Amino acid sequence: MKNISWIIVVIIIIGAIWFYNGRQIVEDNTNLTNNTITNEEGDSDVTGGGSYLDYKSELLTQADTGDVVLFFHAAWCPTCRLLDNNLIKDYEKIPADLTVLQVNYDKEDELKEKYDIAYQHTLVQVDSSGKQITKWTGGNDLNSILQRLK
């Protein structure tokens with residue numbers, strides 16, 4: 001009976017640590033939700049040409065002159081956070097004709113239904129009317145996106 005009590009205590013402690021660390025990561029990333037990138041001087045007009053922005057339907061018109069990719073992101077998803085952090089880190093390397101739009105996986109149910117999104121960390125290349133060109137899951141950096149563009 002004593003061994004079971006100790007096991008329960010250890011499980012509770014591990015669960016509390018896991019919960020706290022996951023919550024801290026989400027809190028650390030909340031300042032990234034607007035994806036406004038600034039350079040060392042604090043200017044938000046960082047040259048790199050391309051864009052990584054929060055989803056707004058009017059931004060689909062970017063596909064008239066380049067590629068638009070919807071990134072279905074969840075703050076609680078570790079692989080989503082990895083891609084998000086890498087896109088922010090490599091922001092200046094995003095080609096001028098590429099716009100990546102971060103879609104909130106937990107809130108954008110209509111978009112998930114439209115593109116048949118089964119789980120987070122799915123990317124969808126669309127045209128200016130929002131029609132799907134190609135769809136894939138996974139990838140952890142800018143190059144993984146560039147390789148999949150049609």
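Reader: What should I know about the model before we start?
Author: It's a predicted model, where local features need pLDDT of at least 70, side-chain atom pairs count only at pLDDT 80 or more, and totals for chains, interfaces and linings use all residues. Residues are numbered from 1 along each chain as its sequence is written, and side-chain values use heavy atoms, with hydrogens and water left out.

Reader: Why is Ile-12 called exposed?
Author: Exposed means over 50% relative accessible area, buried means under 20%, and partly exposed is in between (1.4 Å probe, protein chains only). Ile-12 has 55%, so it counts as exposed. You'll find Ile-12 in helix H1, residues 2-29; helices here are DSSP runs of H or I with at least four residues, strands are E runs of at least two, and both are numbered from the N terminus.

Reader: And what makes Gly-138 partly exposed?
Author: Its relative accessibility is 24%, so Gly-138 falls between the 20% and 50% limits. Gly-138 sits in the loop between strand S5 (132-137) and helix H4 (142-146).

Reader: Which residues does Gly-138 touch, not counting those up to four places away in sequence?
Author: His-121 and Leu-123. Contact means heavy atoms within 4.5 Å. There's also Leu-83, 55 residues apart from Gly-138 along the chain, with 8.8 Å between the two C-alpha atoms.

Reader: How do you know that S2 and S3 pair?
Author: Two strands pair if DSSP finds at least two bridges between them. S2 (residues 67-73) and S3 (residues 98-104) have seven bridges, in the parallel sense, so they pass by that definition.

Reader: What about S2 and S4?
Author: Five bridges join S2 to S4 (residues 122-126), so that's a pair too, this time antiparallel. Leu-70 shows both pairings: Leu-101 stands opposite in S3, and Val-124 is the bridge partner in S4.

Reader: How many residues of S2 are buried?
Author: Six of its seven residues, so S2 is mostly covered. For the protein, buried residues make up 37% of the 150 residues.

Reader: Why is the unit of S2, helix H2 and S3 called right-handed?
Author: Picture the strands pointing away from you: a crossover is right-handed if the path from the first strand over the helix to the second runs clockwise. S2, H2 (residues 78-89) and S3 make a right-handed β-α-β unit, so by that definition the path runs clockwise.
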